[in-house]
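Hi,

Here is the structure I promised to pass on. Have a look at it first, and then read my notes on the salt bridges below.

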Amino acid sequence: MVGVTGTTRTPRYDEFSRYVAERGPALLRMARSLTNNLADAEDLLQAALVKTFLSWERIADPKARDGYVRRAMVNTQISEWRRKRLDVYPTDDIPEQRVDDPTWRSDLADVVGRAIERLPDRQRTTVVLRYYDDLTEAQIAARMGVTLGTVKSTLSRAVDKLRRDADLVIERAVN
């Protein structure tokens, strides 16, 4: 049998492909039980299947294949846990830890939204079409029925107003 790239596929490859197609969903469920999310489960299963493929001809009993893949997944996941394990050293001093505040994104979106609302109608419409709807300047001109130059100058004035808006001014350290 010849593959897409012109290389000959081996019976080992075909047999392994059939096995993965048949048992893949069940093996993915097993991988999912070992990881925190689907993406990690897919990566874990893929790593285990690579290890299994390299040893495919040594697995004499077809009934032992699932066990081999599961063992490869468990071993791979344990290795990953060991790699990620943090070294903790007891100390009398508790170090300062930065705590991320997830509300800053919603606060920033609120401040930007209010600043855009303060723009004149044409400037607000142009900014929303350009930066929220991701239209080109030519598409905005066609939609608003104005010239391309009008869109460019309106955007320029709007962005300048937003840069000078007191709520959006960012304190920058002077070196």
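Let's start in helix H5 (residues 121-132), where aspartate 121 and arginine 124 sit three residues apart, about one turn of the helix. Helices here are DSSP runs of H or I with at least four residues, numbered from the N terminus. The two side chains form a salt bridge, with the closest N and O atoms 2.3 Å apart. By salt bridge I mean a side-chain nitrogen of Lys or Arg within 4 Å of a carboxyl oxygen of Asp or Glu. Aspartate 121 is exposed at 54% relative accessible area, while arginine 124 is partly exposed at 25%. The cut-offs: buried is under 20% relative accessible area, exposed is over 50%, and partly exposed is in between (1.4 Å probe, protein chains only).

A quick word on the source: this is a predicted model, so local features need pLDDT of at least 70 and side-chain atom pairs count only at pLDDT 80 or more, while totals for chains, interfaces and linings use all residues. Residues are numbered from 1 along each chain as its sequence is written, and side-chain values use heavy atoms, leaving out hydrogens and water.

Searching the whole structure turns up six salt bridges. One of them pairs aspartate 66 with arginine 23, closest N and O atoms 2.6 Å apart. That pair links distant parts of the chain, 43 residues apart: aspartate 66 is in helix H3 (residues 65-84) and arginine 23 in helix H1 (residues 11-34). Aspartate 66 counts as buried, at 15% relative accessibility, whereas arginine 23 is partly exposed at 26%.

Cheers

Note on methods. Helices (H or I, at least four residues) and strands (E, at least two) are DSSP runs, numbered from the N terminus.
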